[in-house]
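Reader: I have a model open and want to learn to read its features one by one. Where shall we begin?

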Amino acid sequence: MRIMSLDIGDRTVGIAVSDELLFTAQGVETIRRKSYKHDLARIRELSNQYETKKFVVGLPKNMNGTVGERCDIVKHFTDKILEDIPDAEIIFWDERLSTVAADRYLLEADVSRAKRKKVIDKMAAVFILQGYLDSLK
């Protein structure tokens, strides 16, 4: 079974999925947020397409490890996922510095600023999921 990762932001949701053997994470897409109805419909479509109900969701803790308003926003979004996909399993994963790591990776790959902006959330979802997958070994 595959696992899907979500990097939930105010304007976008980065999506990544694992391979079937749970070794690697691949970026899928970045959803441009419009409404809960729109966002959840796309997540449900991707969940069906990749045959997964297990979601690793990046939890944006503060640098000192505490949770703040951003964590509450992410948890509210995951509550909406659970309403829409009742048999979903949500696993929260500390995402501190995942976007920074994704940005550095894209810089090292010499990706232009415009292109980085389009894929940064998807790459952050990859880093979140890969961290989770690595912890399973």
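Reader: Which side chain meets that of aspartate 84 in a salt bridge?

Author: First, the ground rules. This is a predicted model, where local features need pLDDT of at least 70, side-chain atom pairs count only at pLDDT 80 or more, and totals for chains, interfaces and linings use all residues. Residues are numbered from 1 along each chain as its sequence is written, and side-chain values use heavy atoms, with hydrogens and water left out.

Author: Now the general idea. Side chains of opposite charge can pair when their charged atoms come close. A salt bridge here is a side-chain nitrogen of Lys or Arg within 4 Å of a carboxyl oxygen of Asp or Glu. The partner of aspartate 84 is arginine 44, at 2.8 Å, N to O. Aspartate 84 lies in helix 2 and arginine 44 in helix 1, so the pair ties together parts that are 40 residues apart in sequence. Helices (H or I, at least four residues) and strands (E, at least two) are DSSP runs, numbered from the N terminus.

Reader: Why do aspartate 84 and arginine 44 count as partly exposed?

Author: Look at relative accessible area. Buried means under 20%, exposed over 50%, and partly exposed in between (1.4 Å probe, protein chains only). Aspartate 84 is partly exposed because its relative accessibility is 27%. Arginine 44 has 32%, so it is partly exposed too.

Reader: How many salt bridges does the structure hold?

Author: Seven. One of them joins the side chains of glutamate 45 and arginine 42, at 2.7 Å, N to O. Both residues sit in helix 1, three residues apart, about one turn of the helix. Glutamate 45 is partly exposed at 42% relative accessibility. Arginine 42 is partly exposed at 23%. Salt bridges also link Glu29, Arg42 and Glu45 in a network. Elsewhere, lysine 137 meets aspartate 134 through their side chains at 3.7 Å, N to O. Lysine 137 is exposed, at 60% relative accessible area, while aspartate 134 is partly exposed, at 42%.

Reader: What does isoleucine 81 touch?

Author: Contact means heavy atoms within 4.5 Å. Leaving out residues up to four places away in sequence, isoleucine 81 touches Leu6, Leu40, Ile43, Phe55, Ala88 and Ile90.

Reader: Is strand 4 largely enclosed or open, and why?

Author: Six of its six residues are buried, so strand 4 is largely enclosed by the rest of the structure. In a regular strand the side chains alternate between the two faces of the sheet. In strand 4, Lys54, Val56 and Gly58 point one way, and Phe55, Val57 and Leu59 the other.

Reader: Which way do strand 1 and strand 4 run, parallel or antiparallel?

Author: Strands pair if DSSP finds at least two bridges between them. Strand 1 and strand 4 run parallel, joined by three bridges. Leucine 6 stands opposite valine 57 there. Strand 4 also pairs with strand 5 (residues 89–94) in the parallel sense, over six bridges. In that pairing, glycine 58 has tryptophan 93 as its bridge partner.

Reader: How many bridges join strand 2 to strand 3?

Author: Seven, and the two strands run antiparallel, with strand 3 covering residues 25–32. Threonine 12 has arginine 32 as its bridge partner. Strand 2 and strand 3 form a hairpin with six residues between them.

Reader: Which phi value does leucine 22 have, positive or negative?

Author: Most residues other than glycine have a negative phi, and most peptide bonds are trans. Leucine 22 has a positive phi, near 65°. This residue lies in the loop between strand 2 and strand 3. Leucine 22 is partly exposed, at 27% relative accessibility. Glutamate 51 also has a positive phi, of about 55°. Its place is in the loop between helix 1 and strand 4. Glutamate 51 is exposed, at 64%.
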